[in-house]
Amino acid sequence: MSGGREEESGSAVVRILFCGGCHPRIARGRIAVELREALEGMGCRVACGGGDEADFVVFLCGCLSGCAFRDNPGDVPSVAVAETTVDFREVGEERIVPEVLARVETFLRGRGRRFGGATS
Amino acid sequence: MPLMTPNAYEDSLRRMKFKVYLMGEEVENVVDHPIIRPSMNSVKMTYALAQDPEHEALMTATSSLTGGTINRFCHLHQSTGDLVKKVKMQRLMGQRTAACFQRCVGMDAVNAVDSVTFEMDAKLGTDYHRRFRNFMLRMQEEDWTVDGAMTDVKGDRGLGPSKQADPDLFCRVVERRKEGIVVRGCKAHQTGALNSHWILVMPTLTMTREDADFALSFAAPADAEGIVYIYGRQSCDTRKLEGGRFDMGNREFGGHEAMMIFDDLFVPWENVFLCGEYEFSGALVERFAAYHRQSYGGCKVGVGDVLIGAAALAADYNGAARASHVKDKLIEMTHLNETLYSSGIACSAEGHRTASGNYLVDLLLANVCKQNVTRFPYEIARLAEDIAGGLMVTMPSEKDLGHPVAGRYIEKYLRGVPSVPTEHRMRILRLIENLTLGTAAVGYRTESMHGAGSPQAQRIMISRQGNLEHKKALAKRIAGIPV
C-alpha cells in the first residue's frame, strides 16, 4: 500500500480495510459508517476496501484473529481494530470509534495538519 | 546458559532440596527414585531435543527479551507461527516419550501472566509486569523448568473461597509484610512439580471482592522452605520397583503429579505478580486455561501416535493386520487423533497479539480442542484395546517368561505370527496396557478429561464465545426475517 494524494488534494486519505467478516463479534458496518462520517467531518477523504491510495489505514476486524492487518502488512500508518480491542488493548465496542478517531487526530497532528484538511 | 544440556538439567535437580513424601516415607533422592525417575527422563528429553539439530526448529526459539536462542518451553510466543510451532513441538515430545513431559504447564503459565500483568499495570499502576519480566529473563537465561500451579483443592465446591469451613482450602495470603507475603494453602495435581526449578502460582478461579486474599500469583523456587510435596500414586506404579525390563510398558518415560502444600511460604514482593487485584484473576485463569487447552491438541496427539502405532503392531503380531475391521479401526483412531491436532493448529493459527506483545490462542477454538480431548483419547484407547485383544490384561509377567519351566510354555503358547518373537508381542501389549490403564493412562485418559479444566469448563467457554446472536442473524437473513 502506498501513500495517498494528500499533497495534491489537500486532505488526508483514510482507508478502512475490513477483514473477511466470517465470524464478527462487533458491528463492523455500523462502526465504518460512524467512522466515515466523523473522518469526513475532520476533513479527511475516506476510502473503503482494497486500493493503493491511503495516508492512514483503519483495519477493521470482527474478531481477535485480526485477518485484515495480518494479511495486509505495510508501512502506512494505521490503527488495528480487532473485536473490541484497538491496537491490541481492550476498549469495549462503544469506545472503538473515539479511540480510532483519536489515533487519526494524532497522525494528522504529526503530519502538521489541522482538522478540516487545511495545512497548519 | 541459554540452553542447558540434559545432564546439566539432571544435575541441577540433584542440587535441590525438595521435601517430598511418597508411600509413607520422606524421599531423600528424588532424581533416582525408581517411581519418580521416568518422569524426570521425560522432562530431560525437552532439553535433549533442543540440542538436536534435527529438532531445534521446533524445540528452540529466539527470545523476544534478549534476542538469544532459548528453549521454546521458556518462550513468550511472538506470532501465530510460534503458537503453531508450540503445538508441533508438543506432538513431537509426546511421540518421543509416550507420556506427559510436564514442561508445558509452565510455558502456558508464563504466557498468561505476561499479558495479564501488563494490562493490570496499565489500568491500576501496579508494578507487576516489570517484576514478571525480570523473572522471565532469569527463566530464559537459566533454562528453568517452571511448574505452573493453578488448581486449588477447593473443599466444598458449593462454596466460594472465603466461605469455606477451612479458609486454607484455597491458596491465600495470610500475612503481608514489608518484605513480602506469607502464603498458605495447597495446589492439587501438580504436574512435574519435582522436576521443576521454580513454581509459578496462579489463582484457581475468578475471584470476587470478598475473595481478594485468594487472588494471588507469585513465583518461588520449587524447593523453597515452606513447600511440602506429597507424591501422587498411579495405576501399576509399583511395577517400577520390580526391576524388570518391560512389564511397566514404558520403562524410560512417565509423568507425575503431586500435592503442593504451602506451609506459610514466604514470598518476597519481587516475585509477587498478583496480590488482591481480584478483577484480573478471571483473565489470568481464562488465558492460562486457553493456552493449556491448546497444549492438549499437541501432546495428547503425540502420545496417540504411539498408541496407534502400538495397536497396529499388535495387529501385525497377532496376524490380524489384514482384517478389514482392524484396518478400519486404525483409520478411525487416526481420524480422531488428527481431529485433535486440527483444532490445536486451528486455535494457534487464529491466535492474536495481546497488549504486552505476546500471542494468545483463539479462545473458542482452544476450548473446542480441549472438549474433543475429553472424548477422543478414550475412544482411541478403546479401539486399541479392541485390536490388542484380552491378552493385554491376562498375560503372565516377564519374570514368568524368564522362568526355565514357565517360560517355555509362554514362549510356545503366546506366540502370534511365527516371525515375531513372543517377547516382542508381550512388549507391545504391555505398552498398550501402560497407555490405556497403567501409569501413562493418568496422562492419556483422566488428564485428558480433567487436565486444563473439566469438560463443563470448556462448555461454559464455548457458550460465551459461540456468538449465538450472529448465528441467529445469519438464519434470519436466509429465512427472510428482518435482522
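1. Strand 5 of chain B, residues 146-149, in this predicted model: Val146(B) and Gly148(B) point one way and Asp147(B) and Ala149(B) the other, with all of them buried (under 20% relative accessible area; over 50% is exposed, in between partly exposed; 1.4 Å probe, protein chains only). In a regular strand, side chains alternate between the two faces of the sheet. Strands here are DSSP E runs of at least two residues, helices H or I runs of at least four, numbered from the N terminus.

2. That strand runs parallel to strand 8 (residues 198-201) of chain B, with four bridges joining them; pairing takes at least two DSSP bridges. Gly148(B) has Leu200(B) as its bridge partner there.

3. On to the interface: 17 residues of chain B contact nine of chain A (heavy atoms within 4.5 Å). About 1,100 Å² is buried between the two chains, 46% of it from carbon and sulfur atoms; that is accessible area (1.4 Å probe) lost on putting the parts together, summed over both.

4. The salt bridge count between the chains is one: Glu350(B) with Arg70(A), closest N and O atoms 3.3 Å apart. The cut-off is a Lys or Arg side-chain nitrogen within 4 Å of an Asp or Glu carboxyl oxygen. Helix 5 (104-124), strand 13 (352-353) and helix 17 (468-479) of chain B each supply at least two residues of the side touching chain A.

5. Housekeeping: local features need pLDDT of at least 70 and side-chain atom pairs 80 or more, while totals for chains, interfaces and linings use all residues. Numbering starts from 1 along each chain as its sequence is written, chains are lettered from A and ligands numbered from 1 in written order, and side-chain values use heavy atoms, without hydrogens and water.
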